[in-house]
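Okay, everyone, thanks for coming. Let me put the structure up, and then I'll walk you through a few spots in it.

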Amino acid sequence: MSDTRELYIVEFESANYAGAGHTCLAWASSEDEARDAAFDYAEEFYYEQDNEQYYDEYGTDEDILWATITSAQPLKGSDFEKYAADPSQAEFYQIVNE
C-alpha cells in the first residue's frame, strides 16, 4: 500500500480572542486528517498565548477550547507554497507531525 499523505497547510485562530490567525503544516491524507493532526499544536499555541489573560478575566482556564481550526488544504499549489519554502518564514510553517 502506498503512502498517499501530503503536506497540508492548516490555518487556526484563537477560540477566545480576535486577532490574526496562524498556520502550521501537517502530513495527512485528507483535510480532516490534517485538522486532527494540527489540533494539539493549535491548542498548545493558543493556551500559551491566551491562558493568563483568560484566567485574569474569568477566574479559570480549565476545560477551555483554546483554538479553532479554520481551514486545511494541500500545500502544493496553494497561495502558501512559496512562503512555506522560504527559510526566513520557517517559524510560520512548522510541520507538527513529522
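Start at Asp63, which sits in the loop between H1 and strand S3 (67-74). Helices here are DSSP runs of H or I with at least four residues, strands are runs of E with at least two, and both are numbered from the N terminus. Asp63 has a phi near 55°, a positive value in a residue other than glycine. Is Asp63 buried or exposed? Asp63 counts as exposed, at 81% relative accessibility. For the cut-offs, buried is under 20% relative accessible area, exposed is over 50%, and partly exposed is in between, with a 1.4 Å probe and protein chains only.

Quick housekeeping: this is a predicted model, so local features need pLDDT of at least 70 and side-chain atom pairs count only at pLDDT 80 or more, while totals for chains, interfaces and linings use all residues. Residues are numbered from 1 along each chain as its sequence is written, and side-chain values use heavy atoms, with hydrogens and water left out.

On to strand S3, where we find Ser71. Ser71 is buried, at 18% relative accessibility. What does the Ser71 side chain make a polar contact with? That would be the side chain of Glu11, at 2.6 Å. A polar contact means a pair of N or O atoms within 3.5 Å; within protein, one must be able to donate a hydrogen and the other to accept it, and residues adjacent in sequence count only if both atoms are side-chain atoms. If you leave out residues up to four places away in sequence, Ser71 touches Ile9, Val10, Glu11 and Arg35, where contact means heavy atoms within 4.5 Å.

Now the rings. How many aromatic pairs does a search of the whole structure find? The count is 8. Rings of Phe, Tyr and Trp (its six-membered ring) pair if their centres lie within 6.5 Å; planes under 30 degrees apart are stacked, over 60 edge-to-face, and the rest tilted.

Take Phe45 and Tyr46: that pair is edge-to-face, 5.0 Å centre to centre with 75° between the planes. Phe45 is partly exposed at 26%, whereas Tyr46 is buried at 2%. Then there's Tyr54 with Tyr58, a tilted pair at 4.5 Å centre to centre and 40° between the planes. Those two are 4 residues apart in helix H1 (residues 31-58), so about one helical turn separates them. Tyr54 is buried at 13%, but Tyr58 is exposed at 53%.

Last one: ring pairs also link Phe12, Tyr41, Phe45 and Tyr46 into a cluster.
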